[in-house]
Amino acid sequence: MKRKTIALLSAVLMVLSSCLVVSPNTIKAEINKKENSGTFIIDGSEVQAKEYHTITVNGTERTLILCEDGETYLKVGQDEPIYISNNIIDIRFDMYGTLWLLDMHHTIVWYNYDFQKDETYIFLHTVIDYTSEDDITYVKNVESLILDENNEFVIGYKTFSGETYPILTMDEMKEYLGISDTSDPSVPTPAPTVTSTPTPTVSPAPVPTAHPTAVPTSSPKSTVAPISTKVSVKKQGSYTCIYSGNKVVSKFKLSKKGVLKFKGKKNRKYKAVKKAGFIKKSKNLIFLTKKGAVYTVSPKGKKKTILKKGAKKLIFKGKFVTKVKKKKGYINVAKK
């Protein structure tokens, strides 16, 4: 009788053990707890996050950091956190690690690290709305993001008119970004494992469904983004960015106190700055100090002196700096 009991217990233990190791990707923690907080090093300074979410996708840990001042960052592995935006209502991961962001204008945008990790900075993409009567427009009447049944991953969004739509599929994102898929289409992208910080509550959970209920047949689809090298300047939250096509080359923000934060391949910080802008041809940052000095900073972070003193004003043509006004005359900086 003892031997039968021992054999039965052994069999039960073996079954339980196999259940725990068969599908590690279904083991997820609760990631939407508002009490999660912690300290991170951002731009060389210690920053207190009011909330953060950590997931692991394809063996790489990613952390979405929400700061007290409203700024959000993405930290991938051991790399420095990358700035996302400070102009948001909500932001969350989907089940494959794509970030979905609802901004203050009720526009839904997205960023996928696996497809865009070669970019210098996070470039957010809108969702094209084919139901609009305009030629090309984007979805900009979103009320809220829709999470899965476990309140963990984004699976869709709801408009103010009450309609619900699914988020883009991985194939639609690739099509939008112009990425050719040479991988075996029968092999699905592995679902992420998710951890909660600081103290996770781990429990088995099913992989969330990828579609919300009541999805209309006329859901917005993606379009292929044309490849372009056009140089342009656009605002992204509190930052002014210079683009080469759809790629952010560098960006900066200038506070009312004259603190200039520059982000390129290397980050830089300057004080007592009066005005700043970009030069179109070189894509260099150019800034004027309160003492009348003028400097340029390359996308790689290399600083160069243009004028040590006597500068009065940066002259813009369109959105680019072309000249520096002195006490007498001007300096042409279009080729600096």
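Biologist: Is arginine 92 buried or exposed, and what is its relative accessible area?

Modeller: First, this is a predicted model, where local features need pLDDT of at least 70, side-chain atom pairs count only at pLDDT 80 or more, and totals for chains, interfaces and linings use all residues. Residues are numbered from 1 along each chain as its sequence is written, and side-chain values use heavy atoms, with hydrogens and water left out. Buried means under 20% relative accessible area, exposed over 50% and partly exposed in between, with a 1.4 Å probe and protein chains only. Arginine 92 is therefore buried, and its relative accessible area is 6%.

Biologist: Which glutamate meets the side chain of arginine 92 in a salt bridge?

Modeller: A salt bridge here is a side-chain nitrogen of Lys or Arg within 4 Å of a carboxyl oxygen of Asp or Glu. This one spans 3.3 Å, N to O, and it links distant parts of the chain, 41 residues apart: strand β3 (residues 45–57) and strand β7 (residues 88–93). Strands are DSSP runs of E, at least two residues long, and helices are runs of H or I, at least four, all numbered from the N terminus. The partner of arginine 92 is glutamate 51.

Biologist: Which residues are linked with Arg92 in a network of salt bridges?

Modeller: Aspartate 90 also forms a salt bridge with arginine 92, with the closest N and O atoms 3.5 Å apart. Aspartate 90 is partly exposed at 25%, whereas glutamate 51 is buried at 5%. The residues linked with Arg92 are Glu51 and Asp90.

Biologist: How many residues apart are lysine 253 and glutamate 71?

Modeller: These two form a salt bridge with N and O atoms 2.4 Å apart, and both are buried. Lysine 253 sits in strand β18 (residues 247–254), while glutamate 71 is in the loop between β4 (60–67) and β5 (72–76).

Biologist: On to the rings: how many aromatic pairs does the structure hold?

Modeller: Rings of Phe, Tyr and Trp (its six-membered ring) pair if their centres lie within 6.5 Å; planes under 30 degrees apart count as stacked, over 60 as edge-to-face and the rest as tilted. By that rule, the number of aromatic pairs is 8.

Biologist: What is the angle between the planes of tryptophan 100 and tryptophan 110?

Modeller: Tryptophan 100 is in strand β8 (residues 99–103) and tryptophan 110 in strand β9 (residues 108–111), so their pair ties together parts 10 residues apart in sequence. Both are buried. The pair is tilted, with 6.3 Å centre to centre and an angle of 35°.

Biologist: Which tyrosine pairs with phenylalanine 287?

Modeller: This pair is tilted too, at 5.5 Å centre to centre and 35° between the planes. Phenylalanine 287 counts as buried because its relative accessibility is 2%. Its buried partner, at 18%, is tyrosine 295.

Biologist: Where is alanine 272 found?

Modeller: Most residues other than glycine have a negative phi. Alanine 272 has a positive phi, near 60°, and is partly exposed at 38%. Alanine 272 is found in the loop between β20 (267–270) and β21 (273–278).

Biologist: And where does lysine 283 lie?

Modeller: Lysine 283 has a positive phi as well, near 65°. With a relative accessible area of 21%, lysine 283 is partly exposed. Lysine 283 lies in the loop between β21 and β22 (285–289).
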